[in-house]
Amino acid sequence: MAGLHKSEIQNPVLNWIDTRLPLITLMQKEYGSFPTPKNFNYFWNFGALATINLMVMIATGVFLAMNYDPSATGAFDSIQRIMRDVNYGWLLRYIHMNGATMFFAIIYIHIFRGMYYGSYKAPRELLWITGVFLFLLLMATAFLGYVLPWGQMSYWGATVITNLFSAVPLVGNWIVTLLWGGFSVADPTLNRFFALHYLLPFVITGVVFLHVVALHITGSNNPLGIDVKSEQDTVPFHPYYTAKDSVGMCVYFLIFACFVFFAPNYFGEPDNFIQANPLQTPAAIVPEWYFLPYYAILRAVPDKLMGVALMFSSILVWFILPWLDTSPVRSARFRPIYRAMMVVLVADMFLLGAVGAHHPMGIWILLGRVGTAWYFLHFCALPFIGYLEKPLPLPESISNPVLRDYQGPGGSGGGPLPAGAAAKPMEKP
Amino acid sequence: MSSTAVPVHQEAEFQGTTRRDFLTLLALAGAGVGVAAVAWPFIDSLEPAADTLAAGEPLDVDVSKIAPGQQIVVMWRGKPIFLVHRTPQAIKTLQSPKLLSILSDPNSHVAQQPTYAQNWHRSILPEFAVMVGICTHLGCVPGFFPNPSPTDPAPNWPGGYLCPCHGSKYDLAGRVYLGVPAPYNLPVPPYRVMSPTMLRIGENPEGSDFDLNSVVQI
């Protein structure tokens, strides 16, 4: 249905624009008065933080690209030039480098939040699935970007990761050749990796839009995991969550700045200060910390194809998570068994991370196999836990504070509500 | 929101500035300073980098190998620099009233050169011309036609430059003709004479601080 928008903006110029292109109304609706559950904790900061991090990465990346030379002979030197000769080039690069670390830290917490509070369950399945796509895109972008400085770790990381695809039956070697554009990782590889590293963030931005649209259709989940029952369960997004997000943003920028200014190479590998040498592999090939658990899963199986298949399925399994989990209760707060499983899963990820950082020798081989087995066991057990587990009683609504009195064995539930506690919806002051 | 409609006990809240107004302004001002501080490194990174500036250092040119009547072109800061060894005949032509009458700015009034080249031959040494070889019309490199000719490249040609793009004409001192698209004489870069055979492009003689960016049109 075509027709001009009936704008309520007072300013005549803005009204004229808003009548034809109601962007201001859209922003007010989606980020101003947008009704949001009033019980968010700080875990709900991380979507906004990820968006900010994406913008930081695109801004610094565009300016770095202005001084980067994507050729096998020039790439390493152009990075040194950025560090030494370009005004503030060191700052832009250190922000970009450590921005990758910040990005993964934020995303891992964001994913944990989704799993712990059951944010993937109906009706938010597509919201979750777009998120898994975003994570895969982020991993691809991070890997492509890590190759660009063309140091020893860049080169050998690229060699190892691209060779993973050779495990694919029938077409494996062909895929590897397509990635390389030659007989090995070389100049053509670097060129296409740079083109793709520049492209993917904009693809990510597009999928982020889908992610946000889906979020604003279903509305946010909340720490209780129960649906919003009435207006009194919500507060307008602005100023309540713009303010709460700002607090998280300040902490985020502080931590980010500590790394950039005081420990810029903390997550770096000394070998990457040596230019790529196709004739010599470094003594220890280690991926960036955010890939370590998957690296451990890859090495846990003494079979090339199985290792690669397990590694990819460790993330692909997230796509079917909404259907693996049969429990109707979202939040782990009311699911004693699932809550314990989530704690163990996080510990398991740290264990796998440690395994990935060590040579596959001695005890580390066993730990890697146990960790991998547990990881997949977790997801295989989910359908059964839904039936076995007896959830705790759910509160009637977000506004109803009886919940705390209910908890514990034999809890038979709190007194009457304090007068007026849930009577009046919160409004914008 | 008319104040008359507001109950008396609430009216106090709406009058004047509140603590919330102050905090909002403070937060916005803080964010504004932060954004400006972050924007600066991005803008500054667009300035020429240290190595680019180093590559724009002065350039020594040995002019002893240029035969009279010949021109060499050297590259300085990404621009073609014409160095011409003018013949005595060409030097004489620069002063001929017939030539001066068809030039747009024969006395170099427009600031297209340092003051030490603001003379009838637009150079330090009369026999050596030093010019930026970029047409002041739209940036093409003019062709070098040093020899007088009745027909080539133009009728009654006294020797000089013809731009291939839109036909602008200059004499051998880079002075532009009347009635051509180019508005100004060719710029003269800063340079100094190190020895009778050595010119240094990009450095002024003692006591001058001419900057090529200060000319009207490059």
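This note reviews the aromatic contacts and the charge-over-ring contacts of a predicted model.

1. Aromatic pairs in total. Counted over all chains, the structure contains 40 aromatic pairs. One of them joins A:F63 and B:F42 in an edge-to-face arrangement, with 5.0 Å from centre to centre and 90° between the planes. This pair crosses between chains: A:F63 belongs to helix α3 (residues 46-65) of chain A, while B:F42 belongs to helix α2 (residues 19-44) of chain B. Both A:F63 and B:F42 are buried.

2. A stacked pair within chain A. A:F104 and A:Y290 form a stacked aromatic pair, their centres 3.9 Å apart and their planes at 5°. The angle is under 30 degrees, the cut-off for stacking, and therefore the pair is classed as stacked.

3. The surrounding cluster. A:F104 and A:Y290 also belong to one aromatic cluster.

4. Charges over rings. Two arginines of chain A deserve mention here. The charged end of A:R113 is placed over the ring of A:W44, at 4.7 Å from the ring centre. For A:R335, the charged end sits over the ring of A:Y338, and the distance to the centre of that ring is 4.3 Å.

Methods. Residues numbered from 1 in each chain as written. Chains lettered and ligands numbered in written order. Predicted model: local features only at pLDDT ≥ 70, side-chain atom pairs only at ≥ 80, totals over all residues. Heavy atoms only, no water. Phe/Tyr/Trp six-rings, centres within 6.5 Å; stacked < 30°, edge-to-face > 60°. Helix = DSSP H or I, 4+ residues; strand = E, 2+ residues; numbered from the N terminus. Buried < 20%, exposed > 50% of the residue type's maximum accessible area, 1.4 Å probe, protein only. Lys NZ or Arg CZ within 6 Å of the ring centre and 35° of its normal.
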